[in-house]
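Thanks for coming. I will go through one model today, starting inside one chain and ending at the contact between chains.

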Amino acid sequence: MSQTAPLLVARDVSKTFGARKALDGVSVTVGAGEMVALIGPSGSGKSTLLRSISGLQTIDPGKGEIEVFGRAVQKNGRLAGDVRRTRGGLGMIFQQFNLVGRLTLFTNVMLGALGRLNPAVALLGWWPGAEKNKAMAALHRVGVSDYAGQRANTLSGGQQQRGAIARAILQGAKAILADEPVASLDPVSARRVMDLLVELNSRDGLGVIVTLHQVDYAIRYCRRVIALKAGKVVYDGPASELNRERLIDIYGPEIEEAFWEGGAPA
Amino acid sequence: MSQAAAIDAVPAPPSRPLSARVFDLLLWGGLALALWASFERAGVSGLPDLFRGSESAGQLAGALLDPDFSRLPFLLGKMLETLQIALWGTFLAVFFAVPLGLLASRNITPWYIQRPIRMVLDLLRSAPDLVIGLIFVIIVGLGPLPGVLALTVNTGGVLAKLFSEAVESIDKGPVEGVRATGAGKLHEIVWGVLPQVAPLWTSFALYRFESNARAATVLGIIGAGGIGQALIESFNSFQFREVSTIAIIVVVTVSLIDLLSQVMRKRLL
């Protein structure tokens, strides 16, 4: 894998659910260390695109293809045979955290190491000491190491989401795909999670693609914004150039509702 | 205007459609007909005999009220044997039900494997353990082993079905979370699926142990060891006082196990 290979190359990606086209010929390229926000109204296809990048979802057969760090994830509607290795390099953050509720926060973070451990040993949960220390370091870094021994489902949303980020850190991911990571959080937790993503991007050089429902968050935290509308890319450029006119074009006249904390730009 | 009309016209009370009423008539009429037709065949016409009493009934009643505890240690040993049969039968059933249950779950197994497995499970469940027990008595001879095997087959079928239903109702989010780390299918199951179903599975297994303790008693009657065998032997040699002792032992033991397992299951969920 070459260092200069872009995080994502998506070419002419379409995805149809029944009669509805969730993605309609989307082509996007994201550089290795970029931090990009994917925005758009509900049902615009931003989550579908993100899930297709990690191969959690197959795209329509045809000429569409998705490459991550120079390696094919899917092509012609089929996942690549080595998709698991590619997934290992992508840390995925979900709106509903997707931690295993009955396992401790610590064990959930350890699951990030599954891809690189001896499969039999990992099946039994005999984590090597060095990996355990790395997991604790990751939990400490995101500020929830005090809860390591608690079951994930006893923790608050913000704590769980930070645990999920720790899992991505332990995974040694080269990029983070975050699917509405703050949509289920209170504003304080949401800012901490976004700050962590920015820190992973600027300090560790991880690429970040984050879908956001809140346009103000996209503008505040990401330099580049890609907007989808009805499965098509309708804006791809600097966050600073997202003016009111463009936002009305994306969201329609009710753009105020797409803002969480601040008002829409004039 | 139209609103005023809507207020004026009070709609008629809802009535059941004719088809539903015909269906009811057929259902209850059919049940009544079936009961009437089975009256003689099921011997219900002989019901008054229950109260007429007979010499043997009086003898039995007297013996039941005067249990013979002289062979108590032996009988308790037999009761223990029955529980051990139930324990091994349930254990082996769980052992087979775990993989079968996973293979029978629509959300993790492709349909061309899942459907046939489901059919096999239905077959296993439909055979009464008494019949399976008799077959195993023929194969491996009298003793506790046919009892264990009969419980394994029947309970295995039941538990695998229950296990798979638990798996089908899990939250797929955590499984995707595990998958997204680059984990393999087996890791997804062990770390994403099993933690979610573990409490329910344990509860089902405990419940089946409970009912197997009862079933193992009955299995003894066809020669599959344990307290049931002692029961039928005492009964056939007219040792009604010992039959009474055995009945007391079984009722007390099974109630205790029910109680214990209920407490354990409550703590699990």
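How many residues of domain 1 of chain A are in contact with domain 2 of chain A? Twelve residues of domain 1 touch eleven residues of domain 2. Contact here means that the C-beta atoms of two residues, placed from the backbone, lie within 7 Å.

Before going on, some housekeeping. This is a predicted model, in which local features need pLDDT of at least 70 and side-chain atom pairs count only at pLDDT 80 or more, while totals for chains, interfaces and linings use all residues. Residues are numbered from 1 along each chain as its sequence is written, and chains are lettered from A and ligands numbered from 1 in the order in which they are written.

Back to the two domains. Domain 1 of chain A is made of 1-89 + 176-266, and domain 2 of chain A is 99-173; the bounds come from an automatic or database domain assignment. Their centres, taken over C-alpha atoms, are 25 Å apart. On the domain 1 side of the contact with domain 2, helix H2 (83-88) and helix H7 (187-202) of chain A each give two or more residues. H7(A) gives the most, with four residues. By class, that side of domain 1 has six nonpolar, four polar and two charged residues. For the classes, Ala, Val, Leu, Ile, Met, Phe, Trp, Tyr, Cys and Pro count as nonpolar, Asp, Glu, Lys and Arg as charged, and the others, Gly among them, as polar.

Now chain A as a whole. It has nine helices and eleven strands. Helices (H or I, at least four residues) and strands (E, at least two) are DSSP runs, numbered from the N terminus. The radius of gyration of chain A is 18 Å, close to the 18 Å that the globule rule gives for 266 residues, so chain A is as compact as a globular protein of that length. That radius is taken over C-alpha atoms, and the rule is 2.2 Å times the number of residues to the power 0.38. Along the principal axes, the C-alpha atoms of chain A fill a box of roughly 55 × 40 × 35 Å.

Next, the sheets. One is an open sheet of six strands in chain A, in the order S7-S8-S9-S3-S10-S11, with mixed pairing. Strands count as paired if DSSP finds at least two bridges between them. Strand S7 (90-93) and strand S11 (232-238) of chain A are at the edges with a single partner strand each, so one side of each has no neighbour in the sheet. From one strand to the next, the twist averages 15 degrees. Strand S10 (residues 224-229) of chain A pairs with S11(A) in the antiparallel sense over six bridges, and A:Arg224 stands opposite A:Pro238 in S11(A).

H7(A) comes up again here. This helix lies across strand S3 (35-39), strand S8 (175-179) and strand S9 (207-211) of chain A, and runs at about 155 degrees to S9(A). Axes are lines fitted to C-alpha atoms, for helices over the stretch in contact, and angles run from 0 to 180 degrees between N-to-C directions.

There is also an open sheet of five strands in chain A, ordered S2-S1-S4-S5-S6, with antiparallel pairing. Its edge strands are strand S2 (20-30) and strand S6 (78-79) of chain A, each pairing on one side only. Seven bridges join S1(A) to S2(A), and A:Val13 has A:Val26 in S2(A) as its bridge partner. Strand S1 (residues 8-17) of chain A is also joined by four bridges to strand S4 (residues 65-68) of chain A, with A:Val9 opposite A:Glu67. Four bridges then link S4(A) to strand S5 (residues 71-75) of chain A. Their hairpin has two residues between the strands, and A:Phe69 takes a positive phi near 50 degrees there.

Last, chain B. How many residues of chain B are in contact with chain A? The count is 19 residues of chain B, against 24 residues of chain A. On the chain B side, helix H9 (172-179) and helix H10 (185-221) each supply at least two residues. H10(B) has the largest share, eight residues. The chain B side divides into nine nonpolar, eight polar and two charged residues.
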